[in-house]
Amino acid sequence: VEGFGQLPAFVVAILEMILQHRLEHDLFGDQAPDVEQLQEIEDAIETDNLDQLRRFEAPLLAEFLVGWLDRLYIPVLPYEYFERAMYNAHDARLSRLMMEEILPRENQTVFHHLMHQLARVPTKKDTLALIFGLVLIKPPVDWTWSRSAEHQLNRKRVAFLRHFLEP
């Protein structure tokens with residue numbers, strides 16, 4: 001996301017469409033997304049035809065957004081900040097301070113825009129924090145951990161993002 005400075009227009013459009021849907025269930029279901037529909041979303045974005053996105057359900061748009069964020073070459077929270085974020089996850093003040101003082105300005109802007117929009121989504125904040133935490137806060141590629149440590153890392157990701165999803 002380095003060099004962005006703001007969310008791409010399609011991300012803003014997807015988030016707005018998710019917010020407009022009246023969700024009766026959790027945003028993320030148990031069913032795997034339809035690959036053909038995901039490709040149709042990709043095609044609409046590539047052709048800059050964002051109005052086409054309106055015909056897709058909110059859960060599918062959310063799955064696409066998570067997949068797009070997961071494919072970023074450098075995560076929104078760059079790899080070199082991963083350990084510090086996990087260390088500060090227990091403390092809202094330290095987490096916010098880290099994001100504002102050491103994260104590159106472009107990444108800060110994208111992160112804060114995304115968190116502002118996600119905070120408005122009527123889904124359990126822990127669910128949002130876990131799902132988006134996995135794609136926004138990634139360990140460096142050469143970082144290894146045990147299965148039990150993975151569970152602890154996920155709890156820390158949730159704790160870290162909750163500081164930004166709550167008012």
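Figure 1. Starting at the N terminus, the elements of the protein chain run α-α-α-α-α-α-α-α. That comes to eight helices and zero strands; helices (H or I, at least four residues) and strands (E, at least two) are DSSP runs, numbered from the N terminus. What you see is a predicted model, where local features need pLDDT of at least 70, side-chain atom pairs count only at pLDDT 80 or more, and totals for chains, interfaces and linings use all residues. Residues are numbered from 1 along each chain as its sequence is written, and side-chain values use heavy atoms, with hydrogens and water left out. Of the 167 residues of the protein chain, 44% count as buried (buried means under 20% relative accessible area, exposed over 50%, partly exposed in between, with a 1.4 Å probe and protein chains only). Among contacts (heavy atoms within 4.5 Å) between residues at least 6 apart in sequence, 74% join residues at least 24 apart.

Figure 2. Side chains of opposite charge can pair when their charged atoms come close. The structure holds six salt bridges, each defined as a side-chain nitrogen of Lys or Arg within 4 Å of a carboxyl oxygen of Asp or Glu. In one of them, the side chains of E16 and R120 meet at 3.4 Å, N to O. E16 belongs to helix α1 (residues 9-20) and R120 to the loop between α6 (105-119) and α7 (125-136), so this pair ties together parts that are 104 residues apart in sequence. E16 is partly exposed at 27% relative accessibility, and R120 is partly exposed at 42%.

**Figure 3. K138 meets D70.** Here the closest N and O atoms of the K138–D70 salt bridge are 2.8 Å apart. The pair links distant parts of the chain, 68 residues apart: K138 is in the loop between α7 and α8 (147-165), and D70 is in helix α3 (residues 58-71). Is K138 buried or exposed? With 14% relative accessibility, K138 counts as buried, while D70 is partly exposed at 38%.

Figure 4. R162 forms a salt bridge with E166, and their closest N and O atoms are 2.0 Å apart. Salt bridges that share partners join D126, R162 and E166 into one network. R162 has a relative accessible area of 22% and is partly exposed; E166, at 36%, is partly exposed too.

**Figure 5. The buried side of α7.** Which residues of α7 are buried? They are K125, L128, A129, F132, G133, V135 and L136. These residues cover an arc of only 165 degrees around the axis, which puts them on the same side of α7; the arc is that of the directions from the helix axis to the C-beta atoms. The buried residues of α7 pack against α3, α6 and α8.

**Figure 6. Where α2 crosses α3.** Helix α2 (residues 35-46) and α3 pack at an angle of about 70 degrees, with axes 10 Å apart. Axes are lines fitted to C-alpha atoms, for helices over the stretch in contact, and angles run from 0 to 180 degrees between N-to-C directions. The two helices are therefore roughly perpendicular to each other, a label for angles of 65 to 115 degrees (under 35 is roughly parallel, over 145 roughly antiparallel and the rest oblique). Q37, L38, I41, E42 and I45 of α2 make the contact with L60, L61, F64 and R71 of α3.
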